[in-house]
Amino acid sequence: MIEMLQSPFMQRALIAALLVGITAPAVGIYLVQRRQALMGDGIGHVAMTGVGLGFLMSANPIWMATLVSVLGAVLMELIRTHGRTRGDIALAMLFYGGMAGGVLLIELSDSGSTANLTSYLFGSLSTVSDGDVTAIVLLAAFVVAVSLGLRRQLFAVSQDEEFARVTGLPVRALNLLIAVTAAVTVSVAMRVVGLLLVSALMVVPVAAAQQLARSFKATYALAVGIGVVVALTGTTTSYFQDVPPGATIVMLAIGVFVLLTALAAPLARRRARALDADSGGGADCTAPMPGSRRPNDDVKV
């Protein structure tokens with residue numbers, strides 16, 4: 001363990017993993033609430049074009065991926081808002097075009113190849129540079145500032161757009177901000193988890209936290225905690241066992257989800273018995289059914 005912590009590339013990888021573990025669930029909670037769990041996967045496809053542009057222009061691929069994925073996320077949101085019957089076709093072309101563009105551009109560059117692209121698709125510990133850490137820190141700071149500073153507004157628009165519009169919130173601007181923040185998160189996570197797996201780290205910790213938490217605030221905190229634990233544990237396991245970090249992190253997250261799901265059932269039955277006892281043991285028509293109330297229904301944050 002001491003040897004790992006003394007290794008410069010592992011120091012960079014652990015810092016990146018910590019920030020990914022924080023930012024991915026922090027944004028994912030809004031995507032899950034909006035039923036857009038696969039949005040991160042689509043942005044990851046688009047970000048591949050940014051990676052290819054980075055190699056072609058000899059620029060930092062993270063910054064180029066951020067620029068392209070932000071543009072792609074904004075376009076996705078506009079298609080979602082204004083698209084009609086052909087909206088799904090437009091999104092499909094955007095996703096597949098982003099992937100194809102990334103492969104083509106990286107092959108046209110002098111410094112890149114499809115082998116280089118693999119580390120961005122599935123994550124790689126040894127390729128995290130000092131420049132990557134700087135970019136990840138700056139982008140993660142933006143994500144955390146938005147997800148915490150505007151949590152009330154973002155939750156409101158994610159829960160019910162019509163109600164948020166009636167209360168005077170700038171719904172369109174907030175929707176675009178969620179899309180942009182998700183795009184930035186994809187860029188933050190691609191070095192550790194990979195573009196093809198980042199969506200899992202945005203969604204699975206949130207789904208796991210919802211099994212136990214009963215408010216938005218608790219779900220947010222627990223999801224971020226799960227994200228940090230699985231990201232750091234997966235990165236450490238990858239170092240000692242020589243396994244892909246992204247796949248390890250995602251499998252750990254899924255394992256936590258399965259464990260918490262198993263624990264949630266007896267807890268729900270215990271709550272139901274407690275409610276039944278409080279009501280005097282009669283037919284309790286007012287008590288909620290176990291699992292009938294989603295954790296995010298409590299708007300208090």
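In the predicted model, Phe216 has a relative accessibility of 2% and therefore counts as buried, since burial requires a value under 20%. Tyr220 is likewise buried, with a relative accessible area of 13%. Both residues belong to helix 12 (residues 216-241), where their spacing of 4 residues means that about one helical turn separates them.

The structure contains 6 aromatic pairs. In one of them, Phe216 and Tyr220 adopt a tilted arrangement, with ring centres 6.2 Å apart and an angle of 50° between the planes. Phe216 and Tyr220 also belong to an aromatic cluster that includes Tyr30 and Phe155.

An edge-to-face pair is formed by Tyr239 and Phe240, with a centre-to-centre distance of 5.1 Å and planes at 85°. Tyr239 is partly exposed, its relative accessible area being 24%, and Phe240 is also partly exposed, at 44% relative accessibility.

Helix 2 comprises residues 8-33; at 1.5 Å a residue, its 26 residues should span 38 Å, and the separation of 38 Å between its end C-alpha atoms therefore agrees with expectation. This helix is mostly covered, 19 of its 26 residues being buried. Just after helix 2, Arg35 takes a positive phi of about 60°.

Gly40 is located in helix 3 (residues 39-56) and is buried, with a relative accessible area of 0%. Beyond residues up to four places away in sequence, Gly40 touches Val186, Val198, Ser199 and Met202. Gly40 and Val186 are 146 residues apart along the chain, yet their C-alpha atoms are separated by 6.7 Å.

Terms used:
Residues numbered from 1 in each chain as written. Predicted model: local features only at pLDDT ≥ 70, side-chain atom pairs only at ≥ 80, totals over all residues. Heavy atoms only, no water. Helix = DSSP H or I, 4+ residues; strand = E, 2+ residues; numbered from the N terminus. Expected span 1.5 Å × (residues − 1). Buried < 20%, exposed > 50% of the residue type's maximum accessible area, 1.4 Å probe, protein only. Contact = heavy atoms within 4.5 Å. Phe/Tyr/Trp six-rings, centres within 6.5 Å; stacked < 30°, edge-to-face > 60°.
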